[in-house]
Amino acid sequence: FPSISRMRLANSSLLGLLVAAILQTVSSITCFVWTTSTVRRDVKQIVPGRSELACQAVCVNDPSCTAIQITTDGNCVIFGAVTTATFEQCPIPITCQVK
């Protein structure tokens with residue numbers, strides 16, 4: 001008979017695979033295109049420690065999300081509406097995924 005710890009490990013592995021499959025399915029419904037953007041956008045939220053697929057899933061579930069960016073420290077930036085630059089302010093080009 002398998003030990004309880006092996007059964008827990010198997011269950012957690014299956015759960016991990018299921019979550020990954022769901023996230024991949026959700027993010028594949030909406031296209032995200034890598035681009036270098038000079039369009040200024042509102043930052044709606046910063047979600048710590050998200051993978052690219054998880055970040056895309058957050059954006060897909062938020063109708064006002066227009067783009068995402070994964071920072072070098074692994075955070076997920078959710079961008080909203082396009083905004084206009086204020087006087088003497090130019091947007092800095094960023095690499096992001098536009099929805």
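# Briefing: disulfides and sheet of a predicted model

Cysteine 59 and cysteine 65 are both buried. They belong to a predicted model of a chain with two helices and five strands. The two cysteines are bonded to each other in a disulfide, and the structure holds two such links.

**Overall fold**

- The chain has 99 residues, of which 22% count as buried.
- The accessible surface of the chain is about 6900 Å², and carbon and sulfur atoms contribute 63% of this area.
- Among contacts in the chain with a separation of 6 or more, 71% are between residues 24 or more positions apart.

- The five strands form an open sheet in the order E1-E5-E3-E4-E2, and their pairing is antiparallel.
- Strand E1 (33-37) and strand E2 are the edge strands, each of which pairs on one side only.
- From one strand to the next, the twist averages 35°.
- Strands E3 and E5 (residues 94-98) run antiparallel and are joined by two bridges.
- Within E5, glutamine 97 is the residue that stands opposite isoleucine 68.
- Helix H2 lies across E1, E2, E3, E4 and E5, and H2 runs at about 155° to E3.
- In general, the strands of a sheet pair through backbone hydrogen bonds, in either a parallel or an antiparallel sense.

**Strand E4**

- Strand E4 covers residues 76-82, and five of its seven residues are buried, so the strand is largely enclosed by the rest of the structure.
- Strand E2 (residues 41-47) pairs with E4 in the antiparallel sense over five bridges.
- Valine 47 has cysteine 76 as its bridge partner in E4.
- Strand E3 (residues 67-70) also pairs with E4 in the antiparallel sense, here over four bridges.
- Glutamine 69 has valine 77 as its bridge partner in E4.
- The hairpin of E3 and E4 has five residues between the strands, and glycine 74 in this hairpin takes a positive phi near 85°.

**Cysteines and disulfides**

- With bonded cysteines counted along the chain, the disulfides follow the pattern 1-4, 2-3.
- The link of cysteine 55 and cysteine 76 is right-handed, with 70° about the S-S bond.
- Cysteine 55 has a relative accessible area of 0%, under the 20% limit, and therefore counts as buried.
- Cysteine 76 likewise counts as buried, at 0% relative accessibility.
- The other disulfide joins cysteine 59 and cysteine 65, whose sulfur atoms are 2.0 Å apart.
- The torsion about the S-S bond of cysteine 59 and cysteine 65 is about -100°, so this disulfide is left-handed.
- Cysteine 31 has a relative accessible area of 60%, over the 50% limit, and is therefore exposed.
- Cysteine 96 is in no disulfide, and the nearest cysteine sulfur, that of cysteine 65, is 9.9 Å away.
- Because two sulfur atoms must lie within 2.5 Å to count as a disulfide, the 9.9 Å separation leaves cysteine 96 without such a bond.
- Cysteine 96 is buried, with a relative accessible area of 0%.

**Glutamine 97**

- Glutamine 97 lies in strand E5.
- The relative accessible area of glutamine 97 is 2%, so this residue is buried.
- The side chains of glutamine 97 and glutamate 52 are joined by a polar contact of 3.0 Å.
- Not counting residues up to four places away in sequence, glutamine 97 touches Phe32, Val33, Trp34, Glu52, Gln56, Ala67 and Ile68.

Key
Residues numbered from 1 in each chain as written. Predicted model: local features only at pLDDT ≥ 70, side-chain atom pairs only at ≥ 80, totals over all residues. Heavy atoms only, no water. Buried < 20%, exposed > 50% of the residue type's maximum accessible area, 1.4 Å probe, protein only. Pairing = 2+ DSSP bridges. Contact = heavy atoms within 4.5 Å. Areas by Shrake-Rupley, 256 points an atom, 1.4 Å probe, with all protein chains shown as cover. Axes fitted to C-alpha atoms, helices over the stretch in contact; angles between N-to-C directions. Polar contact = N/O pair within 3.5 Å; in protein donor to acceptor, adjacent residues only side chain to side chain.
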